[in-house]
Amino acid sequence: MDRTLFSPAMIETYRACPKAYEMAFIKPRGEADKLKLSTVTKRLLLRAFTDVNRGRTKTVAEAQRFIGQQWSALKIEADAPENVHSQSIRAFRFAYRALNAYVSKPYRPAGSEVVGANIKLRARIAHSRAYIEDVFDLLLWHPQDQTLEIVDYQLSNIKPFDPAWPSPSTLIKHFLAERMQARYPFKKIRLTYAQILASGVNYQSIELDEAVFRLHWPMLKDTIEEMKSAAALPAQPSDLCRRCEFSSACPAAKQHELLTCEDRRNVVYRSA
């Protein structure tokens with residue numbers, strides 16, 4: 001199997017553990033696989049925030065109607081364990097409060113214009129038969145200082161980041177943003193991480209550096225070239241991580257000791 005389309009999640013999973021990448025994105029998944037409640041909640045909130053950013057949902061009453069209708073469409077089995085129902089109730093309360101808080105104060109920096117919400121961008125990598133794509137939750141244009149701002153919403157805590165060592169997701173967003181320069185002649189690209197909380201949204205922004213992007217982009221291209229034919233190769237002991245040690249599908253991993261860097265940029269294995 002030779003894949004030609006890649007997303008940030010695929011690349012980050014492959015870098016963390018090739019076996020996990022194979023299980024998540026290459027092997028077919030059965031209908032029995034269920035999404036986590038946190039994943040369902042995030043997807044629901046992203047749809048709701050998109051409606052707010054596009055101006056479709058403007059008031060708290062409209063937000064409450066949206067969350068009530070959409071949540072009722074989610075099916076919770078009648079014979080599900082009691083803890084599943086209690087978790088579902090807590091997730092609903094969180095989504096309800098978070099959306100009410102956001103519709104009351106949407107993210108609109110002074111002088112900015114909303115030019116995109118929940119838009120999927122795809123581009124071909126030069127000199128390679130491979131494509132990458134990503135979804136921009138919110139795209140803002142600042143005409144005064146000619147800045148293009150990408151807003152990425154998430155439920156998890158905003159991880160500490162080093163601008164000198166951008167993640168694959170950051171590099172891909174930079175690459176795709178450059179494809180829009182003809183339409184928005186920006187001089188700077190700003191990436192804003194937005195952590196969704198019940199009381200509102202926590203924002204942290206960084207400006208993407210062109211020199212840093214040019215330094216790390218070739219390494220990301222090398223990773224993608226490895227991934228293009230990764231499914232055709234048998235898993236080697238050096239390809240396995242600590243998560244695989246407890247999986248019956250990866251008995252060879254128990255023969256190796258894992259050493260991992262703090263920043264998870266490199267994974268090094270040695271024989272036990």
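Contact here means heavy atoms within 4.5 Å. The model is predicted: local features need pLDDT of at least 70, side-chain atom pairs count only at pLDDT 80 or more, and totals for chains, interfaces and linings use all residues. Residues are numbered from 1 along each chain as its sequence is written, and side-chain values use heavy atoms, with hydrogens and water left out.

Phenylalanine 6 touches Ile11, Tyr21, Ala130, Tyr131, Ile132, Glu133, Ile224, Met227 and Lys228, residues up to four places away in sequence being excluded. Phe6 also belongs to the largest nonpolar core, which has 35 residues. A nonpolar core is a set of buried Ala, Val, Leu, Ile, Met, Phe, Trp, Tyr and Cys residues joined through side-chain atoms within 4.5 Å. Buried means under 20% relative accessible area, exposed over 50%, and partly exposed in between (1.4 Å probe, protein chains only). The residues with the most contacts inside this core are Phe6, Ile132, Leu148, Met180, Trp217 and Ile224. At least two core residues come from each of α1, α2 (18-26), β2, β3, β4, α6, β5 and α7. These labels follow DSSP runs, numbered from the N terminus: helices are H or I with at least four residues, strands E with at least two. Another core, of 23 residues, lies apart from it and includes Leu45, Ala63, Tyr102 and Ala194.

Helix α6 (residues 168-178) is mostly covered, with 11 of its 11 residues buried. Among them are Lys173, His174 and Glu178. The cover includes α1 (8-16), β2 (113-124), β3 (131-142), β4 (147-154), β5 (188-197) and α7 (210-228).

The axes of α1 and α6 come within 9 Å and cross at roughly 145 degrees. Axes are lines fitted to C-alpha atoms, for helices over the stretch in contact, and angles run from 0 to 180 degrees between N-to-C directions. Pro8, Ile11, Glu12 and Arg15 of α1 meet Pro168, Ser169 and Ile172 of α6. The axes of α3 (residues 37-53) and α4 (residues 60-72) come within 11 Å and also cross at roughly 145 degrees. Here Thr41, Leu44, Arg47, Ala48 and Asp51 in α3 meet Phe66, Ile67, Gln70 and Trp71 in α4.

β2 and β3 pair in the antiparallel sense over 10 bridges. Strands pair if DSSP finds at least two bridges between them. Glycine 116 stands opposite leucine 139 in β3. The hairpin of β2 and β3 has 6 residues between the strands, and histidine 127 there takes a positive phi near 60 degrees.
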